[in-house]
Amino acid sequence: VEAFGEVQAYTGAGSIRIGHAGTTVTAATEGGPIDIVRAGGEVVAHNSGGPIRVSSAPVVRCQTASGAIRLTGLSRSVVASTRLGSTPAFLFDARLPAILSQPDGSLANSLPADSFLSTGGGDITVLIPSNISVMLKATSTAGAGTIVSDFPIRISTRGALTAAEGRIHGGGPVLQIVGSGGTISIKRQ
């Protein structure tokens, strides 16, 4: 589907694919993949049994009961969660065209809003470009979970909980990540 305006797509069982939407996209399915190539506005996607992929959008709010979530080309914020799945993964690739003014008058890029990623089982991978500043707060539970980072952050373990916190590229809005039993990987893009 290619649309200049808003897109609303719902199916009881089947896939949804949106090539380009000029503004917002709302998509929901009970089973099958949701694939949104590009949206000019917010993407809201719900899937009861399948993966979600958004390749380019300013804001994404998505949830799947079982399946992977792959997000790239985000420019503002994301709230994404999956509960079950053998290999759920998140890929966050923020590319901001705008340069934001800092309180001291300097210029730097930063996510303009807080973001949240979670999985009930599986891995989370986050790619952070060199021009993006965030305050990272990550926790992994269930004992088998680990957190690895290409950035200098503080990682601590207490019982079955592993936590990480740190300012990446000077800090900015909070990027909160919650995992259970898998690996949280914070990678330099």
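1. Let me start with Ala113, which is partly exposed, with a relative accessible area of 29%. You'll find Ala113 in the loop between β13 (107-108) and β14. Bear in mind as you look around that this is a predicted model.

2. What does Ala113 touch once its neighbours within four places in sequence are set aside? The contacts are Arg76, Ser77 and Pro173. Have a look at Ser75 as well: Ala113 and Ser75 sit 38 residues apart in sequence, and their C-alpha atoms are 9.8 Å apart in space.

3. Next, Ser115, which belongs to strand β14 (residues 115-119). Is Ser115 buried or exposed? Ser115 counts as buried, because its relative accessibility is 3% and the cut-off for buried is under 20%.

4. Of the 189 residues, 45% are buried. The protein exposes about 8600 Å², and 53% of that is supplied by carbon and sulfur atoms. If you take the contacts with a separation of 6 or more, 37% of them are between residues 24 or more positions apart.

5. Now the charged pairs. How many salt bridges does a search of the whole structure find? The search turns up 4.

6. Arg53 and Asp35 meet through their side chains in a salt bridge, 2.7 Å from N to O. Arg53 is in strand β7 (residues 52-54) and Asp35 is in strand β5 (residues 34-39), so this pair ties together parts that are 18 residues apart in sequence. As for cover, Asp35 counts as buried at 14% relative accessibility, whereas Arg53, at 36%, counts as partly exposed.

7. Glu42 and Arg61 make another salt bridge with their side chains, at 3.8 Å from N to O. Why does this pair tie together parts that are 19 residues apart in sequence? Because Glu42 lies in the loop between β5 and β6 (43-47), while Arg61 lies in strand β8 (residues 57-66). Glu42 counts as partly exposed at 33% relative accessibility, and Arg61 is partly exposed too, with a relative accessible area of 29%.

8. Then there's Arg154 with Glu165, whose side chains meet in a salt bridge at 3.8 Å, N to O. Here both partners are in strands: Arg154 in β18 (residues 154-158) and Glu165 in β19 (residues 161-168), so the pair links parts that are 11 residues apart in sequence. Arg154 counts as exposed, since its relative accessibility is 58% and the cut-off for exposed is over 50%. Glu165, at 31% relative accessibility, counts as partly exposed. On the network I mentioned: salt bridges that share partners join Arg17, Asp35 and Arg53 into one network.

Note on methods. Residues numbered from 1 in each chain as written. Predicted model: local features only at pLDDT ≥ 70, side-chain atom pairs only at ≥ 80, totals over all residues. Heavy atoms only, no water. Helix = DSSP H or I, 4+ residues; strand = E, 2+ residues; numbered from the N terminus. Buried < 20%, exposed > 50% of the residue type's maximum accessible area, 1.4 Å probe, protein only. Contact = heavy atoms within 4.5 Å. Areas by Shrake-Rupley, 256 points an atom, 1.4 Å probe, with all protein chains shown as cover.
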